[in-house]
Amino acid sequence: METPSRSTAVRIVAFVLVVALLTPSAVSALTYDPSEERTLTRGTVTSPANGSTIVSVQGYTFQGNTNRKKPARLISVGERGQTQWVHNDEVGAGAWFFDVDPMDNGNLLVSSPRSGKTVVYELNPETQERVWEKTFNITDTHDVDVLSEDEIVVANMREWNESAQVSDDRIFVYNRTTEEVTWEWYFKNHYPANTDGGYNKDWSHVNDVDPIGDGKLMLSPRNFDQVVVVDMETKNITRRLGSDGNYSVMNEQHNPQWLESENGTPTILVADSGNNRVVEYAYEDEEWVRTWTVGADTLNWPRDADRLPNGNTLIVDTLNHRVIEVTPTGEVVWEYYATWGPYDVERAAYGNEPTGTGPTIRDMNASGTYAITGSANLTAGAGDGAGFAAQMRATFSGTALEEPMNEFATRWAHVTPWLRPVWMSGWDFVWAIAAAVVVVLWGATELVLGRRRIVGAARSVRARGR
């Protein structure tokens with residue numbers, strides 16, 4: 001049986017270990033100064049932007065409650081990186097913000113999930129008022145685009161059919177005048193049921209739909225690691241970049257842009273989120289060829305990339321909490337920091353992700369792989385969150401566990417920044433989790449020892465009774 005002195009020693013060791021593990025978090029909490037946090041600020045600006053830049057910031061909302069330190073908002077940024085206005089909208093419940101599109105009339109089309117539904121509305125940026133709005137009984141919609149004067153096209157993810165245990169993820173067209181769905185396209189009709197491991201409540205995670213002319217739509221089913229083009233008349237997939245689980249091409253990508261080179265070569269620019277890079281592919285000789293890679297090992301979960309008419313690329317670097325404009329060789333010429341978790345960016349003067357207006361990398365003779373240089377490297381949103389992930393990758397590199405630990409490190413780097421308090425660094429969060437594990441093990445040990453003592457005492461009573 002455990003002696004009292006040994007039990008006491010174990011308790012003291014456990015207590016000291018928990019205190020030591022929690023001390024960094026406590027120090028961070030006590031020394032955190034919100035006034036010093038760079039939430040909205042310019043970074044490097046060596047080339048003024050052409051007009052305003054609109055940024056949607058996802059924010060963090062859990063079960064209808066928005067974290068005030070991780071707000072969702074829309075932001076207009078001036079030519080030299082100055083904040084022009086901020087649109088906070090929590091009408092009806094805490095909001096997420098995802099896609100924001102400049103419209104021909106100068107207003108913005110906004111997609112904002114909240115409380116299990118999605119509110120789509122046209123925002124007048126001057127008055128900050130809604131021109132019209134429509135609430136859809138669908139959850140977590142990332143993208144809605146204007147298809148015609150009366151129609152919008154919606155990327156409907158997480159449409160789970162509970163009774164049939166089947167995913168009904170789809171793309172649909174909604175006519176605002178007749179208030180009817182006039183066209184639908186279901187992923188289950190065009191993909192095997194075992195794609196991404198089989199039907200689940202977040203099967204396709206389709207995060208983008210773009211009309212690209214000639215009655216075609218470009219779709220981004222993130223969880224399928226591919227971008228596809230669909231003919232609206234035949235409903236056939238006519239182009240496909242990537243394949244399920246082939247991470248060498250793309251890994252859970254976001255917001256592709258369709259381009260065409262001067263000689264008509266189909267080209268796709270895409271934020272390759274899971275690989276922490278932006279890539280461009282050209283369709284040559286019946287296959288997709290990667291022509292450009294930028295930002296590998298610098299970007300942290302990029303979720304949007306748009307080619308501008310000047311040949312530069314506007315990138316949302318989500319978990320570095322910034323938007324950057326880079327040259328074809330990766331030099332930052334315009335930069336803006338925006339917490340918490342920017343999602344979409346649009347240079348308003350050029351409209352909604354202008355299809356085909358910017359030159360391709362091949363047009364500029366700039367094919368290659370480039371690092372990102374010239375950033376102000378400000379710390380926004382406690383930006384050391386990848387430290388633990390990087391340590392895990394380095395520790396297991398070249399071992400039999402390299403692949404699963406790389407996958408774990410990637411997930412850790414993408415998920416934990418949303419969960420940890422803003423005053424806590426990445427390593428503080430690791431030590432806090434370790435402290436929680438120690439407390440759980442300590443508690444379990446106390447329960448086991450307590451049970452043994454009770455059983456032992458009962459046996460002693462019975463023995464004396466004999």
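**Figure 1. Confidence and overall composition of the predicted model.** The mean pLDDT of this predicted protein model is 88, and 89% of the residues reach 70 or more. Residues 381-386 have a pLDDT below 50, and this stretch makes 14 contacts in the model beyond near neighbours in sequence. Where pLDDT is low, the predicted coordinates should not be read in detail. The secondary structure comprises 4 helices and 30 strands. Of the 466 residues, 51% count as buried. Among contacts between residues at least 6 apart in sequence, 53% join residues at least 24 apart.

**Figure 2. Helix α3 and its bend at A413.** Helix α3 consists of 18 residues, 402-419. From the first C-alpha to the last, α3 reaches 25 Å, close to the 26 Å expected at 1.5 Å a residue. The helix bends by about 30 degrees at A413, and the proline P417 follows within four residues. Both A413 and P417 are among the buried residues of α3. The buried set also includes the tryptophans W412 and W418, together with M405, A409, T410, H414 and T416.

Figure 3. An unreviewed UniProt entry carries the annotation "transmembrane region" for residues 429-449. In the model, the chain over residues 429-449 is 100% helix and 0% strand.

Figure 4. T141 is placed in the loop that runs between β10 (129-136) and β11 (144-146). The relative accessible area of T141 is 1%, so this residue counts as buried. The side chain of T141 is joined to that of T118 by a polar contact of 2.9 Å. Leaving aside residues up to four places away in sequence, T141 touches T118 as well as F98, S111, P113, V154 and A155.

Figure 5. The loop between β25 (302-307) and β26 (313-317) contains G311. With a relative accessible area of 1%, G311 is buried. Residues up to four places away in sequence being excluded, G311 touches P328, P359 and M364.

**Figure 6. D231 in strand β19.** Strand β19 spans residues 226-231 and includes D231. D231 counts as buried because its relative accessibility, 15%, is under 20%. A polar atom of the D231 side chain lies 2.8 Å from the backbone nitrogen of E233. Beyond residues up to four places away in sequence, D231 touches G215, K216, N236 and T238.

**Figure 7. N105 in the loop between β7 and β8.** N105 belongs to the loop between β7 (100-102) and β8 (108-114). The side chains of N105 and E122 are joined by a polar contact of 2.9 Å. N105 and N124 lie 19 residues apart in sequence, with a C-alpha to C-alpha distance of 9.5 Å.

Figure 8. Most residues other than glycine have a negative phi, and most peptide bonds are trans. The peptide bond between T339 and W340 is cis, with omega at about 15 degrees. W340 occurs in the loop between β28 (332-338) and β29 (342-347). Q165, which is not a glycine, has a positive phi of about 55 degrees. Q165 is found in the loop between β13 (160-161) and β14 (166-167), and its relative accessible area of 43% makes Q165 partly exposed. D285, likewise a residue other than glycine, has a positive phi near 50 degrees. The position of D285 is in the loop between β23 (277-284) and β24 (287-294). The relative accessibility of D285 is 76%, and D285 therefore counts as exposed.

Methods. Residues are numbered from 1 along each chain as its sequence is written. This is a predicted model: local features need pLDDT of at least 70, side-chain atom pairs count only at pLDDT 80 or more; totals for chains, interfaces and linings use all residues. Side-chain values use heavy atoms; hydrogens and water are left out. pLDDT is the predictor's confidence in each residue, from 0 to 100. Contact means heavy atoms within 4.5 Å. Helices (H or I, at least four residues) and strands (E, at least two) are DSSP runs, numbered from the N terminus. The expected span of a helix is 1.5 Å times one less than its number of residues. The bend at a residue is the angle between axes fitted to the seven residues ending there and the seven starting there. Buried means under 20% relative accessible area, exposed over 50%, partly exposed in between (1.4 Å probe, protein chains only). UniProt positions are given in the numbering used here, feature names are shortened, and annotations may be inferred rather than shown by experiment. A polar contact is a pair of N or O atoms within 3.5 Å; within protein, one must be able to donate a hydrogen and the other to accept it, and residues adjacent in sequence count only if both atoms are side-chain atoms.
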